Amino acid sequence: MRSLGWLRLPMAVTYVFLYLPILVLVVLSFNASKQPFTWGGFSTKWYSELAGNAEVLQGLGNTLIVAVGATVLSTALGTLLAVGLHRHSRSNLLDAYALVPAILPDLVLGIGLLVLFTLVSMTLGLYSVLLAHVVFGMAFVTAVVRARLTQVDPSLEEASRDLGAGQVSTFFRITVPGLMPAIVAGALLVFTLSLDEFVIAFFTNGPSSPTLPIVIYSMVRFGVTPEINALASILMLVSFTAVISAQRLTRLTDTV
Amino acid sequence: MNDSALAPLVSIRGVSRSFGDVVALDDVSLDIHENEFFALLGPSGCGKTTLLRVLAGFEHPDSGEVLLTGEDLLAQPPHRRPVNLMFQSYALFPHMSVERNVAYGLEREGRPKDEVGDRVSEVLRTVGLSDLARRRPSQLSGGQRQRVALARAIVKRPRLLLLDEPLSALDRKVRAEMQLELKRLQHEVGITFVVVTHDQEEAMSMADRIAVMGSGRVQQIDAPIDLYQRPATLFVAGFIGTSNQFQGQAVEGGIALHDKVLPGTAHGAAVSGNAVLVVRPEDTRLVDEAAASVSGTVVDTQFYGGVSTVAVTVPGHDAPVLHTRPGAPEVERGAVVHLAWDAAKAVVLAG
């Protein structure tokens, strides 16, 4: 790589700008003092207090239900959609439509889904959040799996058929294993996105089952407590892990 | 090897297939016999691969029928046909070991585990890959991958084995080896082979019979030697080997050109009117002026070690006339030479 020279400085500033807030948050989550601007020594007490907060635990439970459910459904449906489009569609428009929910502003998607749910007189609850997350999750999985499909030798499926496997058998034994890195990457992506999704969940959720981001939002309204810092740090760790795994899996794909 | 008295193993009758405006197969009919090594030879885009895919079941013809031992093959989906295809890309399953790749077809048949194990290790021994059974395809060389692909196809003991450009991905040395290996295997396992290739040497050296295809049609079906010595169409004459071609008017015993008669024989139907005489460079010989069919000036000589080629420009003839002889050339550039050939060695075709 070429030497950066004086460009090192703006680069460093940019990175500080990107990561300083995160660093502050993580550091303050270990601050023993309740006052954000005084350092009261290192402590993990906010983490243990978090574990005793029923509201947070309920939110976490709800969020996990939605995230896991949305991941499973989006992955299955998105993979099928990607394979279907790859095999049968020569239409760029259909391709583009499959990706729209991923690009659409959350606000638009949230309001649109709320209107739709009201229109069909569906009561709101965790399941409506789950459905809403499947809508955009599917788009992400489809995008990732489609990219992988272009790299797979199409004669593999024909070879399987030629050797006596039916279409269903071929799909599960040859097609899916070939797409596995992309499927896992897509699933992790959906899980991460669903985990901290606020806007769409805010619109499509019922009052009785808030997800974690909504719980945090309502807590923050009365000021940011170190407890929230701790919670945010944990969420960040989970997201980082998922995203890095997803990236590594996609990279593995490229080298094969 | 001409068992035309026996009922054919595969009978292709009037098969046509078009992709939009492109006619890939145009009323193709041919028979393939039991235990035959059959080659479909032609330039790219001649329809040979489409025909192979029709046999495997991945293409359905627009019209025509295909019978395998008298039964309708087209009615069966690819996974129920007693036909296996070795893909040009080999299409080995990357997430399975060599062993698992080879076992795949037998497992889909629901064979018992012991039988699968025995047959897999037997076929791996046949192709000489017993030591590599646990490797992944990505850990193998090109030649080894091809052997796996072959083992995977023959382990099912198909009635018909289709090979799509089997040697095209291999380098020259491995290619010669595999050529012999394929022939040996075909004898050993007693399966009918159909090879698709654009490489005439490959087809000539391996096949019992060759169907030359051009623009979706079967141009000629013959044994390699007949194909070379008696091409039935100009396309075949031009595609197989090198040849000298003279255009003239068909007459008794050859063609008339510049008030001379070039000797030649019309096989099959008599030719009249415009005609082309085809003669192979090695069938020409240098003669005295009195006996000459054509005369001209040597423009180039090439010595290949075993044989040499002399190119002669003949007045009134566009392309140089080629003469091949064993050993070193006996004439030099600029010399005036006279060439002749036997009427039986030259073919007269309708022009």
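The model is a predicted one, in which local features need pLDDT of at least 70 and side-chain atom pairs count only at pLDDT 80 or more, while totals for chains, interfaces and linings use all residues. Residues are numbered from 1 along each chain as its sequence is written, and chains are lettered from A and ligands numbered from 1 in the order in which they are written.

The C-alpha trace of chain B spans about 80 × 45 × 40 Å along its principal axes, and its secondary structure comes to 8 helices and 20 strands, where helices (H or I, at least four residues) and strands (E, at least two) are DSSP runs numbered from the N terminus.

A nonpolar core is a set of buried Ala, Val, Leu, Ile, Met, Phe, Trp, Tyr and Cys residues joined through C-beta atoms within 7 Å. The largest such core has 96 residues, of which B:L55, B:A151, B:L162, B:V194 and B:L277 touch the most other members. Helix α4 of chain B, residues 142-154, gives the most to this core, with 6 residues. If residues up to four places away in sequence are not counted, B:V194 touches B:I32, B:F38, B:L40, B:L52, B:L55, B:L160 and B:L162. A second, separate core holds 37 residues, including A:A67, A:A70, A:I183 and A:A201.

Helix α1 of chain B (residues 48-56) is largely enclosed by the rest of the structure, because 9 of its 9 residues are buried. Among these buried residues are B:K48 and B:R53 as well as B:L51, B:L52, B:V54 and B:L55. Just after α1(B), B:G57 takes a positive phi of about 105°.

In chain A, helix α6 (residues 126-149) and α8(A) pack with their axes 9 Å apart and at an angle of about 155°, where axes are lines fitted to C-alpha atoms, for helices over the stretch in contact, and angles run from 0 to 180 degrees between N-to-C directions. The two helices α6(A) and α8(A) are therefore roughly antiparallel, given that angles over 145 degrees count as roughly antiparallel, under 35 as roughly parallel, 65 to 115 as roughly perpendicular and the rest as oblique. Their crossing is right-handed, that is, the near helix is turned clockwise from the far one by less than a right angle, anticlockwise being left-handed. The contact includes A:F140 and A:V144 of α6(A) together with A:I183 and A:L189 of α8(A).

Helix α3 of chain A (residues 54-88) also meets α6(A), their axes coming within 6 Å and crossing at roughly 40°, so α3(A) and α6(A) are oblique to each other. This crossing of α3(A) and α6(A) is right-handed.

Between the chains, the contact takes 16 residues from chain A and 18 residues from chain B. On the side of chain A that touches chain B, α7 (155-162) and α8 (167-195) each supply at least two residues, and α7(A) gives the most, with 6 residues.

Methods: A residue is buried if 20 or more other C-beta atoms lie within 10 Å of its own, exposed if 12 or fewer, and partly exposed in between; C-beta atoms are placed from the backbone. Two residues are in contact if their C-beta atoms, placed from the backbone, lie within 7 Å.
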